[in-house]
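Student: Hey, I've just opened this one and I'm a bit lost. Can you walk me through it?

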Amino acid sequence: MAEVKTRPQRGRQTDQVFEEKQFDERVINVNRVARVVKGGRRFRFQALVVVGDKKNRVGVGVSKGADVTAAVSKATDVAKKNMVKIDLYKGTLPHEAEAKVGGAHILIKPASAGTGLIAGGVVRTVLEVAGVHNVLSKSLGSTNKINTAYATIAALEQLTPKSQWVTNRPSKKTTEKESVDTKSSTGGKE
């Protein structure tokens with residue numbers, strides 16, 4: 001007997017498993033850009049997208065496409081490829097950071113618990129999708145959204161985790177060893 005292959009009927013759902021979104025994707029800005037050609041202007045769209053997992057990873061992407069959906073999907077792919085990991089300390093930043101990209105100048109500072117995100121526009125969106133809860137920020141200089149987004153990422157990349165700070169006090173065990181070493185080198189006299 002020959003096997004009969006049947007196709008799924010229209011309108012019926014096959015056993016597809018829909019994946020839960022791994023990243024929070026936010027479209028910050030869509031611009032219509034034009035290039036001048038012989039017959040007039042050709043319009044395209046430029047999208048600025050921020051992608052983050054709310055667990056200390058964030059990326060920014062800018063791309064152009066023939067229509068808005070193409071530009072957004074391309075920018076999302078660029079953002080996912082350019083994700084950076086940031087080091088947080090108790091839901092805030094370990095120290096203040098400052099970065100400049102183009103004319104955009106961003107200053108971000110740690111804040112105490114319960115303060116929330118004191119940031120505006122693009123900076124707020126980038127910090128939200130990164131998973132930062134308490135921050136003070138100031139945007140200085142240019143208000144260009146693309147440069148502001150990249151300056152925020154640059155400031156976040158400058159953060160060093162608290163464990164790598166030079167000013168950390170040594171533990172009690174290391175101070176005891178150092179005192180024993182100094183006594184032996186001085187012949188037991190201090």
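Student: Let's start with helix α3. Which strands does α3 lie across, out of β5, β6 and β8, and at what angle to β5 does it run?

Tutor: Helix α3 lies across β5, β6 and β8, and it runs at about 140° to β5. Keep in mind that this is a predicted model.

Student: What sheet do those strands belong to, and what's the strand order?

Tutor: It's an open sheet of 4 strands in the order β5-β6-β8-β7, and the pairing is mixed. At the edges sit β5, residues 97–101, and β7, residues 117–118, each of which pairs on one side only.

Student: How many bridges join β6 to β8?

Tutor: There are 7 bridges between β6 (residues 104–110) and β8 (residues 135–141), and the two strands run antiparallel. To find the spot on screen, look for Pro110, which stands opposite Val135 in β8.

Student: Okay, back to α3. Where is it, as residues, and which other strands does it lie across?

Tutor: Helix α3 covers residues 145–157 and lies across β1, β2, β3 and β4, running at about 155° to β3. Those strands make an open sheet of 4 strands, ordered β1-β2-β3-β4, with antiparallel pairing. The edge strands there are β1 (24–37) and β4 (84–85), each pairing on one side only.

Student: Which other helix lies across β1, β2 and β3?

Tutor: That's α1, residues 68–81. It runs at about 145° to β3, which spans 57–65.

Student: Let's go strand by strand. What joins β1 to β2?

Tutor: A hairpin does, through 2 residues. The two strands run antiparallel with 13 bridges between them, and β2 takes in residues 40–52. Val37 stands opposite Gly40 in β2, while Val30 has Ala47 as its bridge partner in β2.

Student: And how many residues lie between β2 and β3?

Tutor: This hairpin has 4 residues between its strands, and Lys54 in the turn has a positive phi of about 60°. There are 8 bridges joining β2 to β3, again running antiparallel.

Student: New topic: where do the side chains in a regular strand point?

Tutor: As a general rule, side chains in a regular strand alternate between the two faces of the sheet.

Student: Now rings. How many aromatic pairs does the structure hold?

Tutor: The count is 0 aromatic pairs.

Student: So what sits over the ring of Phe43?

Tutor: The charged end of Arg32 sits over that ring, 4.0 Å from the centre.

How values were computed: Residues numbered from 1 in each chain as written. Predicted model: local features only at pLDDT ≥ 70, side-chain atom pairs only at ≥ 80, totals over all residues. Heavy atoms only, no water. Pairing = 2+ DSSP bridges. Contact = heavy atoms within 4.5 Å. Axes fitted to C-alpha atoms, helices over the stretch in contact; angles between N-to-C directions. Phe/Tyr/Trp six-rings, centres within 6.5 Å; stacked < 30°, edge-to-face > 60°. Lys NZ or Arg CZ within 6 Å of the ring centre and 35° of its normal.
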